[in-house]
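Here are my notes for anyone opening this one for the first time. Have a look at the structure, then read on.

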Amino acid sequence: MDFRTLEEAHQTWQEIRVIGRTIERKGKKYHIVGMTLADEAKLYILEPYEESEHGRRRRKGIRNHRRILKEQGNPDVCYLHCSDIYLGKERLQVQGGSSGPLMDSFLDYGNVQLFLAMMSAGWVVPEWLKHMAWERLQLVTLEIADRQTLPNVSEKTPVTIRHRPDPIQHILEKTVTLTVGKSRSFRFLDHSGDSVACYINRVTLIDVWNELEEQFNHPRYTEGLSPEQLRQVKRNCFEALEQSCPKGMCYVGIEYECSKDMSLQFYSKEYLRSRPEEHRGSSALLGMRLKPDRATGTHGLPLRGSVIETAVPPDTVKVPAELFFAFEKVEEWEEQV
């Protein structure tokens, strides 16, 4: 440790507001510590933290694509995706945020300074939090838009939180054999135990090279590019595509309906068994989306598209695949604290 470490961690704030409100949800406790104002306004919430089961397994075994996808999981953070927070009638618009476990924060002097400053401003650590190990906590920092001053807060100030959470991710790993040109249906159970019907309207092979070439011929994609810039962009894209889908090969497109408001992600069995390969250049930036021509499918439900980005020959008929993820839409909701 040296003085430069302290200098980089040192923070000063124009204003500090203590909120000190504990929230109990589903048997867990959360605590709104308070706000600071410097170059921007920030609001701080302490949440419980527990490393995921997949994360605990992360260090052992063969890391193929299946394992990597499962390890990613969904972070268990409740307040990171709030859209608005009301302190009385004062609206705080959340424009971004970050979260991270406090397990290493004994060496994060910025966080230590934040908590000490909150205590100096009147924050009283609640009894339930006093003996909670930092390894079991995470700090959510929300960035508040367009604030020149911080609102006044008292013990009686009502707090309303408007949530705009990410979709709920369900890991399914359901084997599905897809047949090009054919429709089919099946059911699966989500994490709530609800039975969800899936109707695959169509399975097609996508000539990715032709699709990309058509994009480059459309003015919307080339506007503002000089001929030399366009040649460079095309060269980079096709070099990247060659690594994942050699010319003459195809991707698999799936048009489907769901009885629940969900987006589905399919992967080929071959891809899930394989290990990641090192790619050159910008190959990781390529990605395909399939937008159906119609708004609704044969069962009158919203029609969606998914692409399996594993190269297959143009005469492929059967595709051994898995429905790996279902992303369930979550509506905004308000919470009174």
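The points below go from the whole chain down to the rings and the cysteines.

1. First, the ground rules. This is a predicted model, where local features need pLDDT of at least 70, side-chain atom pairs count only at pLDDT 80 or more, and totals for chains, interfaces and linings use all residues. Residues are numbered from 1 along each chain as its sequence is written, and side-chain values use heavy atoms, with hydrogens and water left out.

2. Now the overall make-up. You'll find nine helices and 15 strands in the chain; these are DSSP runs (H or I of at least four residues for helices, E of at least two for strands), numbered from the N terminus.

3. On burial and surface: of the 337 residues in the chain, 38% are buried. Buried means under 20% relative accessible area, exposed means over 50%, and partly exposed is in between, with a 1.4 Å probe and protein chains only. The chain exposes about 20,100 Å², and 48% of that comes from carbon and sulfur atoms (Shrake-Rupley method, 1.4 Å probe).

4. On contacts (heavy atoms within 4.5 Å): among those in the chain with a separation of 6 or more, 75% are between residues 24 or more positions apart.

5. Next, the rings. A search of the whole structure turns up eleven aromatic pairs. Rings of Phe, Tyr and Trp (its six-membered ring) pair if their centres lie within 6.5 Å; planes under 30 degrees apart are stacked, over 60 edge-to-face, and the rest tilted. One of the pairs is Tyr267 with Phe325, edge-to-face at 6.4 Å centre to centre and 80° between the planes. That pair links distant parts of the chain, with Tyr267 in strand β12 (residues 262-268) and Phe325 in strand β14 (residues 318-328), 58 residues apart. Both Tyr267 and Phe325 are buried.

6. Phe325 has another partner. Its ring and that of Phe327 have centres 5.6 Å apart and planes at 45°, so this pair is tilted. Phe325 counts as buried because its relative accessibility is 4%, whereas Phe327, at 27%, counts as partly exposed. Ring pairs join Tyr267, Tyr271, Phe324, Phe325 and Phe327 into a cluster.

7. Finally, the cysteines. Cys82 is buried at 2% relative accessible area, and Cys258 is buried at 3% relative accessibility.
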